Amino acid sequence: MVIKCKCHGISDSCEYRTCWRTMAPFSVVGNVLKQKHQKAFMVTVNQKSNELLSARDDFQLKPSRDDLVFLEKFPDYCVRNPGTGSLGTTGRICNQNVPEDYGSCDVLCCGRGYNTIQVVEEYKCDCTVQWCCQVNCKTCRRIVDMHLCKPPEQTNFEKSISHN
């Protein structure tokens, strides 16, 4: 949550101010959750005291109130799993020209790589406005590259070929 304020007064002179708590922008919330997810750790319940303890044997760390914890292993959302409802990322369209945090092929394809195909894309072009309320456009075509995440089988197959 963040605090937002609005000024009131003559010409918004801020003679009076009204403030309220509101949700932070979605990107901020997403980044915080991503950081927490990367630091999350598995816990068990201490049967004697009902406290959460780290599931790792090498230390007995108690999570803080703000930590993200889990009781079971995370499902692998990179591969199709009907049990969790995950469709996986095989065949997903990705963008090779963006930084890692913004839907890059490296991130979305889970490190398996991607195939590039060329497709014909139709779009509106040479638009003209007719009297008042009508716009007439031609339909143009162009060839564009589309990047699709590889399936796990294709990645494993290519690795076995490259090692032989």
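Reply: The open sheet has 3 strands in the order 4-3-5, and its pairing is mixed. Strand 4 and strand 5 are the edge strands, each pairing on one side only. This is a predicted model, where local features need pLDDT of at least 70 and side-chain atom pairs count only at pLDDT 80 or more, while totals for chains, interfaces and linings use all residues. Residues are numbered from 1 along each chain as its sequence is written, and side-chain values use heavy atoms, with hydrogens and water left out.

A few words on terms before going on. Strands (E, at least two residues) and helices (H or I, at least four residues) are DSSP runs numbered from the N terminus, and two strands pair if DSSP finds at least two bridges between them. In general, strands of a sheet pair through backbone hydrogen bonds, either parallel or antiparallel.

Now look at strand 3, residues 41-45, beside strand 5, residues 69-70: they pair in the parallel sense over 2 bridges. Phenylalanine 41 has valine 69 as its bridge partner in strand 5, and methionine 42 has phenylalanine 70. Strand 3 is also joined to strand 4, residues 52-54, by 3 bridges, and these two run antiparallel. Here valine 45 stands opposite leucine 52. Strand 3 and strand 4 form a hairpin with 6 residues between them, and asparagine 50 in the turn has a positive phi of about 60 degrees.

Next, step back to the whole chain. The protein has 3 helices and 8 strands, and from the N terminus on the elements run β-β-α-β-β-β-β-α-β-β-α. Of its 164 residues, 15% are buried, where buried means under 20% relative accessible area, exposed over 50%, and partly exposed in between (1.4 Å probe, protein chains only).

Other strands pair too. Strand 7, residues 114-130, and strand 8 pair in the antiparallel sense over 15 bridges, and glutamine 118 has aspartate 145 of strand 8 as its bridge partner. Their hairpin has 3 residues between the strands, and cysteine 132 there takes a positive phi near 65 degrees. Strand 8, residues 134-149, also pairs with strand 6, residues 93-94, in the antiparallel sense over 2 bridges. Isoleucine 93 stands opposite leucine 148 in that pair.

Strand 8 also holds histidine 147. This residue counts as buried because its relative accessibility is 9%. Its side chain makes a polar contact with the side chain of threonine 116, at 2.9 Å. A polar contact is a pair of N or O atoms within 3.5 Å; within protein, one must be able to donate a hydrogen and the other to accept it, and residues adjacent in sequence count only if both atoms are side-chain atoms. Leaving aside neighbours within four places in sequence, histidine 147 is in contact (heavy atoms within 4.5 Å) with residues including Arg92, Cys94 and Tyr114.

Last stop: the largest nonpolar core, which has 5 residues in all, Cys94, Cys105, Leu108, Cys109 and Cys149. A nonpolar core is a set of buried Ala, Val, Leu, Ile, Met, Phe, Trp, Tyr and Cys residues joined through side-chain atoms within 4.5 Å.
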